[in-house]
Amino acid sequence: MSTQTIEVDGLRQRYGDFEAVRGIDFEVPAGGLFALLGTNGAGKTTTIEVLEGFRKPTGGTVRLLGADPWRQRKALRPRVGIMLQESGLIGDLTVAETVDLWRDLHEQPLDADDALKQVDLLDKAGVQVRQLSGGQKRRLDLALAVVGRPEVLFLDEPTTGMDPEARLATWRLIQDLVSAGTTVLLTTHYLEEAERLADRIAIMHRGEIRILGTVPEVVAGHGDRITFRVPSHTPIDTLPRLDGLAPEIAVADGLPTASYTLSGGDPDARAHRGVASLVAWAAETGVTLDRLAVRPASLEDVFLSIVEETR
Ligand SMILES: Nc1ncnc2c1ncn2[C@@H]1O[C@H](COP(=O)(O)OP(=O)(O)OP(=O)(O)O)[C@@H](O)[C@H]1O
């Protein structure tokens, strides 16, 4: 028997003639937090909707807690918490009435005040839902997703519209839930969110998973970056090549910045070698390497390189 809480095997999903998900595979073990990142329209929500049992896959198989979410949706429902991208909150109800309505659907729900306290909405208990701000509605959605003490939690862009403080508090709540053993599948456009929370991530683009692994695994193959401000009066074509590469030039704060991505050779030594030849060039030509920086590739670099590959 599989020990994976979520199993996705060759999943395909069509909408008419359009194939939104084109054969993806991933697994999430019990107590894991997996983040699906990707471009708009990549197929993240569609994937989550299949796992939630809202859609029948057009190809491949998915298993949730060992069951088929499409056929066994009713049995799975009490074990699963769902925070959709667009909530179906009822504007006329108060926050407390909304939580009570959800509590009634579960056998051993959290205490209503505890659920609201977790998302810092206790002081809004008597307020009508329609009077909440966008970020407060997201927080109420989260309270409703966790009120039934779910074993698995699906969070579709949970912190969109939240202010930085609410986002941080939400991250803490998610981390606490994972520490307590909840399995979480999260989609997000915030790379920092994925880096902070997820033990593994996948980046989707146009219905496919382009890369999957821990964040260090995902960035490992994408080299080291060396950047510096191009000194004024220095023609771009006089800048040196490093490892045979000409720099990419981007404008930051109104000034051109040169950037090299070194990905060949010994990963432990290539940044040192690159900086050494750059410094030698600077000494020879008498230029100052303003804002010289060396860093490994970031998740953002990987994300952008995946998107740009297929432009
Ligand atoms: N009900 C539907 N009918 C037809 N096409 C759909 C439907 N739902 C989604 N799509 C299409 O499928 C593709 C994937 O959509 P999906 O919502 O899964 O992407 P996503 O990765 O969640 O995007 P975003 O980050 O913008 O939320 C998109 O091209 C979208 O237009």
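Let me start with residue classes: Ala, Val, Leu, Ile, Met, Phe, Trp, Tyr, Cys and Pro count as nonpolar, Asp, Glu, Lys and Arg as charged, and the others, Gly among them, as polar. Now the model. It is predicted; local features need pLDDT of at least 70, side-chain atom pairs count only at pLDDT 80 or more, and totals for chains, interfaces and linings use all residues. Residues are numbered from 1 along each chain as its sequence is written.

First, the overall layout. The chain splits into domain 1 (4-219) and domain 2 (223-297), with bounds from an automatic or database domain assignment. Their C-alpha centres are 42 Å apart. An unreviewed UniProt entry annotates residues 6-231 as "domain: ABC transporter". Such annotations may be inferred rather than shown by experiment; feature names are shortened, and positions follow the numbering used here. That stretch, 6-231, is 31% helix and 29% strand. Helices (H or I, at least four residues) and strands (E, at least two) are DSSP runs, numbered from the N terminus.

Next, the ligand. Which residues surround it? They are Tyr15, Phe18, Ala20, Gly38, Asn40, Gly41, Ala42, Gly43, Lys44, Thr45 and Thr46. Near here means a C-beta atom, placed from the backbone, within 6 Å. Strand S2 (18-29) and helix H1 (44-51) each give two or more residues to this shell. H1 supplies the largest share, three residues. By class, the shell holds four nonpolar, six polar and one charged.

S2 has a partner. Strand S1 (residues 4-15) pairs with S2 in the antiparallel sense, over nine bridges; two strands count as paired if DSSP finds at least two bridges between them. Glutamate 7 has glutamate 27 in S2 as its bridge partner. S1 and S2 make a hairpin with two residues between them. Glycine 16, in the turn, has a positive phi of about 60°.

Now the other sheet. It is open, with four strands in the order S11-S12-S10-S13 and antiparallel pairing. Why do S11 and S13 each have a side without a neighbour? Strand S11 (248-252) and strand S13 (290-296) stand at the edges with a single partner strand each, so one side of each is left without a neighbour in the sheet. Neighbouring strands are turned by 25° against each other on average, direction ignored. Inside, S10 (residues 224-229) and S12 (residues 255-262) pair over six bridges, antiparallel. Aspartate 224 sits opposite leucine 262 in S12.

Last, helix H9 (residues 270-285). H9 packs on this sheet and touches S10, S12 and S13. Contact means C-beta atoms, placed from the backbone, within 7 Å. The direction of H9 makes about 25° with that of S10. Axes are lines fitted to C-alpha atoms, for helices over the stretch in contact, and angles run from 0 to 180 degrees between N-to-C directions.

How values were computed. Contact = placed C-beta atoms within 7 Å.
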